[in-house]
Amino acid sequence: MRELSLNQLKVPGILLSLCFAFSVFPMHATIMSWVWILFLCSIAVVWAKVIKKIKPLKTVTMNLLAIFCMLLLLLFSGQFGLLSTMINLLVVAGCLKLITLRTSADFHLIIIVLVFLIACGFIYHQQLLLTLYYGTILFTTLYTAFLLNKGSLSHTDSAKQSAKLIMQAMPIMLLLFVMVPRLPPLWESAAQKSSSTGLSETITPGDIANLAQSGELAFRAEFISKPPPPQERYWRSIVLDNFDGMTWSIDNEAFMLERTPEIVLEGEATKYLIVAEPNNTRWQYSLDIPVVDKVVGNRQIFRNQSYQLFTQEVSKQPSLYIVNSYLSSPLNHFITDYERNKNLHVPQEGNQRTRDWVSQQISADMQTQDKLRAVMQMFFKDKFSYTLQPPLMKVNPIDEFLFTHRRGFCSHYASSLAYMLRLSGIPARLVAGYQGGELQNDNILTVRQYDAHAWVEYWLDGRGWLRIDPTAIVAPNRLVDGLFSSITQNESDLVERPFNLSGFNDIPVIGQLRDWLVMIDHQWTQTVLRYDQDSQRDLIKKWFGEFNAKSMTTFMLAILGTIVVFLTLIFLPYKTWFTRAPYSPASQLLTLLKKKGWEKRKHETLEDFVKRLQPRLNTKQRQQISHYVERCYAHQYGNDNTARVDFQAMLQSVKTSFR
Amino acid sequence: MKQILSRIKHKWIGYRNRWLNKRIPAENTFNLDLGNTFILPSSFGWTMIAIVLFLFILGTNYQNNIVLGMSYFFIALGLLSLFHSYAFFTQHTIDFLPFEAEFANRDLQLKCHISTQQKYLGGEITLYGYGQSKTYSLSHKGERQLLQLPLRQLQRGLHECERIKIETLYGFGLFRCWSYLQPKHQILVYPAIQKAPIQLHRHLDEDESDYDTANQTVASDNLQGIRNFVDTDPLHHVSWKHVAKGQGLMTKDFTQSAGLSGWVRLSDFGHGDEEMGLRILSYQVQQLYKDNAEFGVDLGKTKILPQTGFDHLQKCLFRLATHGQASEPPEHLNHA
């Protein structure tokens with residue numbers, strides 16, 4: 001492979017190491033600390049290399065280093081998921097190659113590593129800003145690839161050229177993006193031992209080792225009356241009744257409406273409008289106890305016995321509805337024996353230590369409130385901490401959480417409290433939804449995915465369902481000040497913060513800018529991130545009226561055709577077509593003679609050439625040709641105006657003389 | 001194993017060249033176009049194709065539109081690169097320059113001019129041939145440029161030039177465009193130089209005993225040769241030996257005024273090693289030319305009549321180079 005000189009190494013080396021650093025940066029939570037050290041060393045080596053030629057490391061040293069790194073990776077791979085091990089492996093490979101950076105093949109390898117890293121980055125983050133960020137890195141990387149064979153072109157010109165190529169690639173990419181049919185996952189992806197907060201109809205706290213927090217918008221609430229204080233903002237969405245020792249899940253009858261009679265509510269109503277992003281479930285969001293006032297669009301929103309709101313179908317469109325919530329009204333309208341039993345049910349086995357502990361604390365004759373107090377002792381007495389990176393708890397998760405690790409996030413606390421309450425004979429259930437939200441101004445509240453929360457409801461005879469939030473005991477700030485106050489600096493890196501301008505609310509321009517950014521972000525999510533088979537189908541329907549095999553084929557062919565037309569527009573040599581060479585009788589003669597096998601030498605004049613040919617011609621040919629040449633010269637240099645037709649005729653006679 | 005591989009390679013090259021001879025006949029000027037251009041992804045390009053597949057699978061499995069978009073972006077980039085690389089390569093015209101004859105132990109240069117239509121500027125071009133390769137940065141001003149490739153270890157003789165591979169990697173280095181071009185110009189390699197004392201025969205049919213004496217004198221210090229007596233010559237320069245033999249009045253010619261004449265003979269040197277003999281003659285004819293001698297060369301079957309001058313030297317060297325080869329001297333030597 002071609003070795004690059006110091007001069008050729010300089011700019012690409014610096015650019016590539018910067019790209020590498022920037023692409024690793026957003027994933028820093030995933031990178032192991034020893035990889036950081038290697039990373040810094042390799043960047044230092046590259047910079048030393050481009051500044052001054054230094055001796056390359058010995059191959060043996062390099063190989064030993066590589067083996068050592070691989071062993072370390074293997075050693076730590078158990079603790080990290082497959083995906084993060086892969087990312088670490090990529091970074092290590094990139095670092096090792098950076099150290100030996102010498103040939104263009106080395107550069108290509110690092111570029112490939114970078115492409116992989118960027119792809120991994122996109123798996124974690126898909127917001128518009130980060131996409132732009134990674135896009136910039138990708139383009140810079142490609143520019144580096146361009147620099148490797150740029151020749152004597154200046155860097156600016158190379159940048160122009162490579163930008164041109166990238167710009168030309170964009171429309172083709174868009175067309176392919178729209179056209180290529182979306183496939184379902186080909187196989188089960190390597191389990192990403194990380195989960196994103198948000199709503200789901202099952203919760204298995206022990207399975208999540210790394211709760212990546214997405215800053216995506218869940219919904220917006222516009223309060224018509226005064227918004228409630230932060231600690232009152234419990235947005236109910238999903239109620240989970242069933243527990244099997246590991247996983248909480250929704251009841252089969254959750255969507256039943258038959259046993260939901262009208263209810264009488266008391267107290268003052270809080271009125272607000274919800275604009276909810278689609279969430280892939282039928283559940284909607286509301287404060288307790290909701291009464292739907294108005295739904296925008298032709299959909300219906302129902303309320304069930306657990307005071308949850310839901311729609312008829314899973315929707316891909318945002319929902320818009322106005323709700324009156326009676327915050328002070330007790331939730332005591334529905335409880336049957338069936339419900340009571342369901343919310344007392346615990347699996348027969350498992351989590352033995354918790355069972356033992358509860359049976360020690362609780363006696364059958366205690367009042368519900370005393371029992372509750374006894375159980376809650378657990379969280380007051382021992383040292384629990386709130387973290388987004390809890391250890392995995394695969395077997396007897398509640399035992400492990402309560403007695404071994406004592407570290408977890410809301411689902412862990414809620415799950416174990418609900419379990420203990422059930423064990424002590426109090427009907428209890430898990431409620432999943434969102435807590436808090438960020439007031440953008442006086443009455444608009446945005447709730448993002450990282451505001452997702454889980455809490456517990458228990459039944460107190462006479463009072464109804466009461467909310468109890470064990471997380472509040474461990475991390476009280478979580479309720480009042482939001483997520484960021486209750487986690488460590490290291491963990492807050494796991495949380496994608498949305499681009500936030502809420503501090504500048506007073507300035508109208510910034511307010512407008514914010515609305516505008518929110519709109520762009522919304523469009524990005526809707527049109528790009530959510531583009532799937534259905535969107536494609538809708539598009540085809542819109543263009544062709546119906547969706548069938550024929551319209552699908554036409555659609556794809558049309559797009560392929562567009563790509564071909566685009567490429568044609570770029571590459572066809574119009575210039576040579578439209579700037580046709582001016583008429584020259586001399587060149588016509590030359591073409592004719594060339595056909596006979598005589599070619600004019602490069603520096604020969606037409607006259608000399610014809611003279612050279614003379615011995616090989618007969619008298620007639622000689623005459624015809626020299627006459628033609630004479631007229632040619634006259635035409636070109638003199639003021640002879642022989643018409644084109646005459647030249648054609650003369651040429652014809654030259655031709656006939658050869659027969 | 002190595003042998004088998006090299007034999008397979010040899011066979012493949014032979015097959016390839018036969019195919020190429022039909023398709024791209026030898027020529028001195030090539031306009032690179034559809035007919036003589038090959039294009040395939042480079043190793044980086046193949047890896048990128050693999051990456052596109054990988055990204056597609058990754059994006060599909062994680063249902064991640066951005067990763068899918070990335071894979072489409074690379075498809076688009078590859079497609080554009082394909083055309084751009086081709087357009088870049090085919091904008092060039094290659095003019096092979098005639099080879100300058102050289103001696104076998106020295107490097108011969110393959111020279112060619114490359115000119116562009118200025119559609120794309122910059123870029124690099126690599127010449128491969130005779131086990132050598134050389135990369136040139138192409139001028140960003142689009143003017144004509146001289147490329148050279150040293151040809152090492154050529155045997156003496158008049159050779160057809162091998163096929164020269166010229167290659168470019170344009171754009172992001174995803175595609176390799178190349179062509180195998182064969183110049184029509186022939187390569188003339190003179191035998192290497194081997195120093196040995198000059199043995200000049202006065203006559204073609206002279207026998208062994210004869211040259212000895214004649215040559216001893218010739219080989220001595222600054223004596224250059226013997227020539228016919230001219231009136232102005234001083235008497236002490238007359239070669240009385242020749243007079244005694246009845247060859248008329250001859251003047252011993254010293255350095256200032258050369259005029260030596262005679263024959264060099266291949267059979268005198270090398271002691272059966274003909275190549276060695278040719279190398280020695282290669283030295284001697286040059287020396288004799290420098291001394292402005294009138295010399296002829298006797299190569300056994302081929303004999304070149306004594307003459308002087310540069311053209312004669314070239315002719316002699318040509319015969320030495322092609323000794324044993326059936327070949328006609330090139331045009332410019334014929335005119336001489």
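Chain A and chain B of this predicted model bury about 4700 Å² between them, 72% of it on carbon and sulfur atoms. Buried area here is the accessible area (1.4 Å probe) that two parts lose on being put together, summed over both. The residues A:N149, A:L165 and A:F571 supply 14% of the area that chain A buries against chain B, more than any other three residues. The contact, defined by heavy atoms within 4.5 Å, takes 59 residues from chain A and 49 residues from chain B.

Between the two chains there are zero salt bridges, a salt bridge being a side-chain nitrogen of Lys or Arg within 4 Å of a carboxyl oxygen of Asp or Glu. Nine residue pairs, both at pLDDT 80 or more, are in polar contact between chain A and chain B. A polar contact is a pair of N or O atoms within 3.5 Å; within protein, one must be able to donate a hydrogen and the other to accept it, and residues adjacent in sequence count only if both atoms are side-chain atoms.

Several helices of chain A each supply at least two residues of the side that touches chain B, among them α4 (82-99), α7 (155-179) and α18 (549-571). Helix α7(A) gives the most to this side, with 11 residues. By class, the side of chain A that touches chain B has 41 nonpolar, 12 polar and six charged residues. Ala, Val, Leu, Ile, Met, Phe, Trp, Tyr, Cys and Pro count as nonpolar, Asp, Glu, Lys and Arg as charged, and the others, Gly among them, as polar.

Residues are numbered from 1 along each chain as its sequence is written, and chains are lettered from A and ligands numbered from 1 in the order in which they are written. Local features need pLDDT of at least 70, side-chain atom pairs count only at pLDDT 80 or more, totals for chains, interfaces and linings use all residues, and side-chain values use heavy atoms, with hydrogens and water left out.

Chain A has 23 helices and 19 strands; helices (H or I, at least four residues) and strands (E, at least two) are DSSP runs, numbered from the N terminus. Of the 659 residues in chain A, 48% are buried. Buried means under 20% relative accessible area, exposed over 50%, partly exposed in between (1.4 Å probe, protein chains only).

Over all chains, the whole structure holds 17 salt bridges. Three of them are listed below.

| Salt bridge | N to O distance | Burial |
|---|---|---|
| A:K342 and A:D241 | 3.8 Å | both buried |
| A:E457 and A:R429 | 3.0 Å | both buried |

Salt bridges that share partners join A:R236, A:D288, A:R429, A:E457 and A:R467 into one network.

A:T354 lies in helix α9 (residues 352-361) and is buried, at 0% relative accessibility. The side chain of A:T354 makes a polar contact with the side chain of A:D399 (2.4 Å). Beyond residues up to four places away in sequence, A:T354 touches residues including A:I398, A:L402 and A:Y419. A:P56, in the loop between α2 (33-51) and α3 (59-77), is exposed, with a relative accessible area of 57%. The C-alpha atoms of A:P56 and A:I99 are 8.4 Å apart in space, while the two residues are 43 residues apart in sequence.
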